Amino acid sequence: MVIGIGDYRHDSLASMPAAATGANCLARLLRDQSVWGLPTEHVTDTSAVGILTAVRDAAVATEDTLLVYFAGHGLRDLGGHLYLALTDADPDYPQLGTLPYLQLRDLIRQSGYRARHRVTILDCCYSGLAGGMSPATAPSRDELAHALDERAHTNSADEGEHGRGEDSYGDCVLTSAPAESRSFVRPHAEFPEFTGELIATLQAGITGTGSLISLETIWLGIRNRMRSRSSPEPQHFAQNNATRHIHFHNRATDEQRATAPSPNASPDPGPGPGAGAFAAYLGDLVPDPAAAEALRARRAEWKARVRERERSQSTSARNRQRLLLTRAEEIIPLFSEDMPRVEMTAYIAAAFRPVDTDRAERLAEAAERHALARQEVPDQVRALARVALRLGSANLGRARAVAERAESLAETIPNYSSRSLRLAALAAVAKGMAVVRPDRAEHIVLTEWGGDKNLLKDITNNMVTVDPYRALRIVRNDLPDLSQLGRDLLLEEISNALAGTDPDGAESSARQIEAADIRSRALSKLSRTLARSDPDRAEQIVWSIPDEGQRRQALANIFHTWLDTAPYRAEQLVPRNQESGEKSWWWASLVKKVAAADPNRAERIARAIPDEAARAGALYQLFDTLRAVDQERALRVAATIPPHHEQEWARILAATAQDVTGTQPQRAQHLFDEAIRTAQHITDPKHRALAVWGVGGLLAETDRERGERLIRDITNPKIRLHALHGLAKEFADTDAPEQTAQFLAACVRIAAEGTEPTMRHWEIKWILKDMVKADPGWAARLATETLSSIPKEDRFSHLTSSADLLVDHVPDRAMHLATEAVHLVRQQKDGDRYNSYSMRAMVILALVDPRQAVRLATDTRSMQADEALERLVCAMVETAEQAGKDSERAR
């Protein structure tokens, strides 16, 4: 049964005519009497629909050797299961349009139980997974027959020429590559590499052996030849030494060899570069110290630009923080009631503290003064308590003094005549006191309110960051009726508060959380906090996180922390990452980080990486780092990358061309040509596009027009967009602003027309972010023009993010977009404009025209005007605080 799939409908799966051609050629050989002489009906090249039926029919009719061969694309899922890609396969969802190998394996075993030997040959990517998916021991034929309620076949006809007993039967699986490696079809090759070797061996035979050659001998020869040229190493899985007992006629000693029909196979199929072909391009290059110095200068300049951009972002965020708080302060007089006016004044005062201490003090004094201006003592107490609560840890001394004054006033309320007023005032005092004197707040609740559970819960929420131990004791002992969700959220806050000072208490609190997602979140934050101070414990905690997504994110967090602080630990962590794509990137990042300080160690790490594709990527990173410090060694490292990793080799050739442009311009031209040719011959469309991007970016630094033309010819819209956007940013400092703007406008059009709709808003947002610096007016027009291309569910985000980008450059346009965003939410949410979306837009609007934001905020029948204003001010303060964090992070 021979299957070769050459045509694929999905854009990300390249057609493989070599697979179909190889399958037909192999089928002819297997039918040939001078090779094996299988009956014609047992070698079938079939469509996707009939594969399993054909396998079943062939297996049921087989009593000697059943052979099933597949060539085409191989896919794998997150669980490490192999899928044989058929014509309608979808690489993003390997369960669709494919033949699961497990299903094929089980069918072969069930329907082919009469067969003495069952051989499966897979020539596809990740085919080595088939070995891991096959059990170490197979059931005997008697066991199978018993399980299937069939009569066991034990007569002499079953024993055949290969002998008797257990060794006379067995399964074997031959694969073209290991479990984590791809298989290859060299450019312009007639057959896939592994299949070509098999065909060449069967067609030519093996000299120095007898008239029969075993399948094991054939496989060993293929493996040795492929291993010698650094191709993916074929794998062999056999039971009962099955491959030793399956024999083919050896054409090397057969009299019919001279007249046998040739299947036109060759031992090294295809005209693609052989072992060392790429390295030969680099062999006689002479290192150029001037080129290395120029590369170091370019990289230093790039780092300086990044630092300058970060400083600019930090300053911009800090200015945004100050402006938001100023605008929020301007809204305060618009409150009609004293209480929200006093509370919001204190809230703004606390937020101003990191930005302008004097202004923060003046606002805090004003808040306290207005609180004491209330006519009734209970009102004064409640107002002062809210001021204390809002000032909190931002101004601890003043907050404590205000809270104590509130308590003193509350004590003056007669208990016998105004019991309810006194209790209400003391409850307010307890809530405010909880952020400055948690012990006093608890005392008030226990003595004055008799330990009221609702009030106890409120003060516990307020005291978590100030006294987490007290909060934990209250949660454990005094709040038994607290809902499970409420308890879990409090324990999470307690764990976060203890993480930096008491890891034991933090972990204990986190592990008491019932909900797996909340417990995972708390443990993830704790592991990140401990990554520097206690890496062993941090890693132990990570592996105990129950939620897979949170666990992967926590692993990534500690890996990146260790890259800077403990690279040796990062190295130990990489093999434990089960996500192969992420693991490859981790290896490359580690090698790049280590290479600058210790190239010897970086090279040892790279060469020890077990996965061949990841190893090639890491060696390329090492080459790229060494280019600027040791060109000779960089070239030696490059020469060790196997030639079938054409994406890496395309970039190596282009980078080397860039390095020799000044001293050997003709040689550089030849290397660039070869880099382009190599990139464009890669069969996988995505890898081809990425390789062309890498080559085009390097080429553009020496030949802008040619590099740009190469990038514009990339067929993958998303990769073309990112490549052009990167080119625009690369030349933004040297190009005229209008030239950069034209370039970025072209990127916006690609994003609006060709990218995936669900990602379109994000793609356009990042381009407009750079476009605003070159031409704010044009950016504003494009923000409006592209709205129709954005899916409806993302249009509000598009309007809001565009307004945010334009607010400092084209405020009128930003105000228009923000207003439109609010009205859009009103239409979509049936008038509910107080979700996070509408508040984001109104905050942006308040930066330009606070009164317009107030008019929109208060234009509602769902709440009082003061409540709407309070929500707006809170949103502005929260946004300002986030801007402050962004400023610190950028700085």
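This report covers the pockets, cavities, salt bridges and one surface patch of a predicted model.

## Basis of the values

The model is predicted, and local features need pLDDT of at least 70, side-chain atom pairs count only at pLDDT 80 or more, and totals for chains, interfaces and linings use all residues. Residues are numbered from 1 along each chain as its sequence is written, and side-chain values use heavy atoms, with hydrogens and water left out.

## The second largest pocket

The second largest pocket holds about 430 Å³ of space. Among its 17 lining residues, Tyr-347, Leu-389, Arg-390, Ser-393 and Glu-881 are the closest to the centre. A pocket is an open set of points on a 1 Å grid over the protein atoms alone, with protein on both sides within 12 Å along at least five of seven lines; lining residues have an atom within 4 Å of a point. A volume is the space filled by probe spheres set on the points, which are joined across faces, edges and corners.

Helix 11 (338-352), helix 13 (377-391) and helix 41 (865-890) each give at least two residues to the lining of this pocket. Helix 41 supplies the largest share, 4 residues. Helices are DSSP runs (H or I, at least four residues), numbered from the N terminus. By type, the lining has 8 nonpolar, 5 polar and 4 charged residues. Here Ala, Val, Leu, Ile, Met, Phe, Trp, Tyr, Cys and Pro count as nonpolar, Asp, Glu, Lys and Arg as charged, and the others, Gly among them, as polar.

## Cavities

Rolling a probe the size of a water molecule over the atoms shows where empty space is left. In the whole structure, 4 cavities of 30 Å³ or more are found; a cavity is a set of grid points where a 1.4 Å probe fits but cannot get out. The largest cavity has a volume of about 110 Å³. Its lining includes Leu-285, Val-286, Pro-287 and Asp-288, along with Phe-623, Arg-627 and Gln-631. Helix 28 (631-639) and helix 29 (646-660) each contribute at least two lining residues. The lining of the largest cavity divides into 7 nonpolar, 2 polar and 3 charged residues.

The second largest cavity has a volume of about 40 Å³. Leu-26, Leu-30, Leu-67, Ile-121, Leu-198, Leu-202, Leu-215 and Phe-248 line this cavity. Its lining comprises 8 nonpolar residues, with no polar and no charged ones. Helix 1 (17-31) and helix 7 (193-204) each provide at least two of the lining residues.

## Salt bridges

Side chains of opposite charge can pair when their charged atoms come close. The structure holds 62 salt bridges, a salt bridge being a side-chain nitrogen of Lys or Arg within 4 Å of a carboxyl oxygen of Asp or Glu. In one of them, Arg-296 pairs with Glu-293, and the closest N and O atoms are 2.5 Å apart. Both residues lie in helix 10 (residues 289-331), 3 residues apart, or about one turn of the helix. Arg-296 is partly exposed at 34% relative accessible area, and Glu-293 is partly exposed at 42%. Buried means under 20% relative accessible area, exposed over 50%, and partly exposed in between (1.4 Å probe, protein chains only).

Asp-338 and Arg-374 form a salt bridge at 4.0 Å, N to O. Asp-338 lies in helix 11 and Arg-374 in the loop between helix 12 (357-372) and helix 13, so the pair ties together parts that are 36 residues apart in sequence. Asp-338 is partly exposed at 34% relative accessibility, whereas Arg-374 is buried at 17%.

A salt bridge also joins Glu-507 and Arg-537 (2.7 Å, N to O). This pair links distant parts of the chain, with Glu-507 in helix 20 (residues 503-511) and Arg-537 in helix 22 (residues 535-543), 30 residues apart. Glu-507 is buried at 15% relative accessibility, and Arg-537 is buried at 18%. Elsewhere, a network of salt bridges links Arg-353, Glu-361, Glu-365, Glu-368, Arg-398 and Arg-405.

## A buried glycine

Gly-392 is in the loop between helix 13 and helix 14 (396-411). At 6% relative accessibility, Gly-392 is buried. Its C-alpha atom is separated by 9.4 Å from that of Val-466, 74 residues apart along the chain.

## A nonpolar surface patch

Met-759, Trp-762 and Trp-766 make a nonpolar surface patch of about 310 Å². Patches are made of residues with over 30% relative accessible area and no salt bridge, with like charges joined within 9 Å and nonpolar side chains (Val, Leu, Ile, Met, Phe, Trp, Tyr) within 5 Å. Accessible areas come from the Shrake-Rupley method with a 1.4 Å probe, and for residues only the protein chains shown count as cover. Trp-762 lies in helix 35 (residues 757-774) and is partly exposed at 41% relative accessibility.
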